[in-house]
Amino acid sequence: MNNLSQLAEDQYCSLNYEHLPITITKGKGIYLFDDRDSRYFDFLSGYSVVNQGHCHPRLIEVAIQQLQKLTLCSRSFYNDQLGLFSEYICNLLGYDRVLPMNTGAEATETAIKLARKYAYEIKNVPSGQAKIVVMHNNFMGRTMGSISGSTDYYSYHNFGPLLPGFVSIPFNDVFAVKNLLQDPTVCAIIIEPIQGEAGVFVPDEGYLTRVRQLCTEAKVLMIADEIQSGMGRSGKFLACDYEEVKPDLLLLGKAITGGVTALSVVLGSDGIISLLQPGMHGSTYGGNPLTCAIALEAIKVIIEEKLAENAFKVGEIFRDEMAKTLNGKIKAIRGRGLLNAIAFDESIDTTHICHQLMHNGILAKPTRNNAVRFTPPLIINPEQMASAMEIIYNVLATK
Ligand SMILES: Cc1ncc(COP(=O)(O)O)c(C=O)c1O
């Protein structure tokens, strides 16, 4: 039945993903199960979505309750969940307002639109000249706005004409930021506090703090894309928390609903978020009561089950132990919390490594810069991590 699904997907579905040859039928906690009921450690977590673990009972329970009451009614009416979710997340993270969308890319698009409105209506940038600073190797999603700021060839090639107004600088380079912010037409800088898709790059200590200071001085919006690094993944609730930096706009998505439904949000001050008035922006599914009820519970699970703290602790164990595998071919272990990657010499085929890991019971995928990313659900405990590391260690020992 599921192999039939695999064949049908190959024949009828789009080809824009490279698969591992496995059909998943079930997920529970840190594990995925295939159509033969074989169990795997999930070290992809749906690209850092199921931080709370697969089918977390609290999320499923809330989803079932809400599914039986109301799933969607449009923001043209109030619903009895969106306000509660908005109040909770704004108070938790210290923002005035939240703008709900669905995917991470839509949150990025929203931030680009807000930054341009800010440029023309608050910073008085001459019409049509607003610039947004992005980082080399960023990943902001797959929409036209998101790819227009991309430096990855496959992401933007033959999709032009691209959106103008992006300037790209190296990540982790304070001087590049300082230079560019002297340009009065720059209205915003979009930054992943830890670059995920790029191969998990953590900036030097003090970098985020300096970017924050420079943005404040130049009246440039600091936009933190924590769609991947947020929600406890980095070992703090936000990766920006490592330097106690508060961005002007904060983008969250992925794990905000623990993988049950899609939700992304843009958080900011009243002055910025309110630049978007009726008729200027929206989303049919954005802020629907089903996703809001689930998101509220999903955030509470992260906090009450101390998942960021667990990610911090188990992540350190992972990096310390895996550092022992370093050799000429295995170049670096990078990361924070449970957002980690092992980077390999160019001679190593990372896809082959992921196939070997799969045959030994771990699901992981390559990411850019010849690395494999290791991002299990944040509920993984040290003993489970030890078992997984033994498998990884054995696979890497043959390299
Ligand atoms: C940092 C970052 N921003 C944006 C996105 C896009 O999110 P989505 O795939 O939900 O559109 C991603 C997805 O991986 C991401 O890692």
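Student: Which polar side-chain atom lies 2.7 Å from a nitrogen atom of the ligand?

Tutor: One belonging to Asp225. Keep in mind that this is a predicted model.

Student: How much of the ligand does the protein bury?

Tutor: The ligand taken alone exposes 390 Å², and 82% of that is buried by the protein.

Student: What about backbone atoms, which residues put one of those by the ligand?

Tutor: Ala105 has a backbone N or O atom 2.8 Å from a ligand oxygen atom. For Phe139, a polar backbone atom is 3.2 Å from a nitrogen atom of the ligand.

Student: And which residues are around the ligand overall?

Tutor: Thr103, Gly104, Ala105, Phe139, Met140, Gly141, Glu192, Glu197, Asp225, Ile227, Gln228 and Lys254.

Student: How does that shell split by class?

Tutor: Four residues are nonpolar, four are polar and four are charged.

Student: OK, on to the sheet. What is the strand order in the open sheet of four?

Tutor: The order is 11-12-15-14, and the pairing is antiparallel.

Student: Which strands stand at the edges?

Tutor: Strand 11, residues 330–336, and strand 14, residues 365–367. Each has a single partner strand, so one side of each lacks a neighbour in the sheet.

Student: How many degrees are neighbouring strands turned against each other?

Tutor: On average 30 degrees, with direction ignored.

Student: What holds strands together in a sheet, in general?

Tutor: Backbone hydrogen bonds, in either a parallel or an antiparallel arrangement.

Student: How many bridges join strand 11 to strand 12 here?

Tutor: Six, and the two strands run antiparallel; strand 12 covers residues 339–344. Arg336 is opposite Leu339 of strand 12, and Arg334 is opposite Ala341.

Student: What sits between strands 11 and 12 in the hairpin?

Tutor: Two residues separate the strands, and in this hairpin Gly337 takes a positive phi near 55 degrees.

Student: Is strand 12 largely enclosed or left open, and why?

Tutor: Largely enclosed by the rest of the structure, because six of its six residues are buried.

Student: Which residues lie on which face?

Tutor: Leu339, Ala341 and Ala343 are on one side, with Asn340, Ile342 and Phe344 on the other. Both faces are covered, and all of these residues are buried.

Terms used: Residues numbered from 1 in each chain as written. Predicted model: local features only at pLDDT ≥ 70, side-chain atom pairs only at ≥ 80, totals over all residues. Heavy atoms only, no water. Near = heavy atom within 4 Å. Polar contact = N/O pair within 3.5 Å; in protein donor to acceptor, adjacent residues only side chain to side chain. Areas by Shrake-Rupley, 256 points an atom, 1.4 Å probe, with all protein chains shown as cover. Nonpolar A, V, L, I, M, F, W, Y, C, P; charged D, E, K, R; others polar. Pairing = 2+ DSSP bridges. Axes fitted to C-alpha atoms, helices over the stretch in contact; angles between N-to-C directions. Buried < 20%, exposed > 50% of the residue type's maximum accessible area, 1.4 Å probe, protein only.
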